[in-house]
Amino acid sequence: MNGEWVIVAAERAKRPADYAAMVKAKDALPEHNGNCPFCIGNERMCEPNTYDLKEGRNWRLRVVPNKFAAVSRPVQIPEAPLRRTRVADMHLSAQGYGAAEVVIESPKHNANLAFMEKSEVYEVIKSYRERFNALFEDPNIAMVNIFKNYGISAGASLEHPHSQIIATHVLPTHISDDLAYARRAFNTYGSCIYCDLLKKEISSGDRIIAVTEHFVVFCPFASRYPYEVRIFPLKHSSLFGTISEEQMRDLSGVLRMTLAKIYNLLRDPDYNYYVRTVPSSDGDVRFYHWHIAITPRLTRPAGFELGTRIYINTAPPEQAAMELRNAV
């Protein structure tokens, strides 16, 4: 939905077992690791919580600042806007301002979102919403990015189940381009292009994995990666921070189910997921539709993809959706 081209190489299509054979088996993890900074008893190894959920003396979930953050901000938040300077009368330079936090999803070292209780997944999603809205109280923040890296090839450096939230005071070009593309489509057709897309996808059913009371799960047309998945709210909303309690409870089951299908079908591949949303400063606009993108790490972009930004996908989304739909 951004004007980019993808080559779907159906003649090179592989079966799930072919991809699963390329997945490196993960070691079985213990419930507790004495050296893990995210395990119970090691709280002193982390910065003080910015958010937590407790049961008696024990915690069920906590959010902590990332000790190795790429961006940071002082205790005293400066007034907006932050200055940007010119370098050599050509380049722009800006302060590495922002916030980086880690959502520790469970006290159990070997927990997995795909198999956690629905109530536990709900708490993870709720922590996303609470921290998303809290970080956007800073007028210098332009974007809050919620994402999860699962497995080494997806960028995870620790095994303990966690996801991350990074807020920055600049908006990346590819995000602003996507927003501009959606805005142009709205100005041309008078409706949200994503809402129109969902109606067509549900009507055709070819790429649908599941439809629930509040969400639809599907493999997008011309997916860039094999078994790439999108989760969209059925009701139009552009701002993730406005997600309701009912939607969060539904999404907890939807996200868990989708991750379990990917785990079982592809034998526990590494993956990334991230939330796409408008910046809070834009408000809940009519032209965009927030969603979650899930990308199993089954292939790696090579020179052609990096040089052209035209991706080659060897798993047609219709085939991938059917297999995920039928997976347990």
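**Exercise 1. Classify Lys 26 by accessibility: buried, exposed or partly exposed?**

Solution. 
- Lys 26 has a relative accessibility of 33%.
- Buried requires under 20%, and exposed requires over 50%.
- Lys 26 therefore counts as partly exposed.
- The model is a predicted one.

**Exercise 2. Find which residue forms a salt bridge with Lys 26 at 2.9 Å, and locate both partners.**

Solution. 
- The partner is Asp 270, with the closest N and O atoms 2.9 Å apart.
- The cut-off for a salt bridge is 4 Å.
- Asp 270 sits in the loop between α5 and β12. Lys 26 sits in the loop between α1 and β2.
- The two are 244 residues apart, and the pair links distant parts of the chain.
- Asp 270 has 12% relative accessibility, so it counts as buried.

**Exercise 3. Work out why the salt bridge of Asp 268 with Lys 26 ties together separate parts of the chain.**

Solution. 
- Start with the distance: the closest N and O atoms of Asp 268 and Lys 26 are 3.9 Å apart.
- Then place the residues. Asp 268 lies in the loop between α5 and β12 (271–276), and Lys 26 in the loop between α1 (16–22) and β2 (51–55).
- The pair therefore ties together parts that are 242 residues apart in sequence.
- Asp 268 is buried, at a relative accessible area of 12%.

**Exercise 4. Describe the salt bridge between Arg 60 and Glu 123: which elements does it join, and is each side chain buried or partly exposed?**

Solution. 
- The side chains of Arg 60 and Glu 123 meet at 2.6 Å, N to O.
- Arg 60 belongs to strand β3 (residues 58–65), and Glu 123 to helix α2 (residues 118–135).
- The pair thus connects parts 63 residues apart in sequence.
- Arg 60 is partly exposed, with a relative accessible area of 26%.
- Glu 123 is buried, at 14% relative accessibility.

**Exercise 5. Determine how helices α5 and α7 are oriented, and which residues make their contact.**

Solution. 
- Helix α5 covers residues 245–266, and helix α7 covers residues 317–326.
- Their axes come within 9 Å and cross at roughly 100°.
- Angles of 65 to 115 degrees count as roughly perpendicular.
- α5 and α7 are therefore roughly perpendicular to each other.
- From α5, the contact uses Lys 261, Ile 262 and Leu 265. From α7, it uses Glu 323, Leu 324 and Arg 325.
- By class, the contact of α5 with α7 has three nonpolar and three charged residues, and no polar ones.

Technical notes
Residues are numbered from 1 along each chain as its sequence is written. This is a predicted model: local features need pLDDT of at least 70, side-chain atom pairs count only at pLDDT 80 or more; totals for chains, interfaces and linings use all residues. Side-chain values use heavy atoms; hydrogens and water are left out. Axes are lines fitted to C-alpha atoms, for helices over the stretch in contact, and angles run from 0 to 180 degrees between N-to-C directions. Helices (H or I, at least four residues) and strands (E, at least two) are DSSP runs, numbered from the N terminus. Angles under 35 degrees count as roughly parallel, over 145 as roughly antiparallel, 65 to 115 as roughly perpendicular and the rest as oblique. Contact means heavy atoms within 4.5 Å. Ala, Val, Leu, Ile, Met, Phe, Trp, Tyr, Cys and Pro count as nonpolar, Asp, Glu, Lys and Arg as charged, and the others, Gly among them, as polar. Buried means under 20% relative accessible area, exposed over 50%, partly exposed in between (1.4 Å probe, protein chains only).
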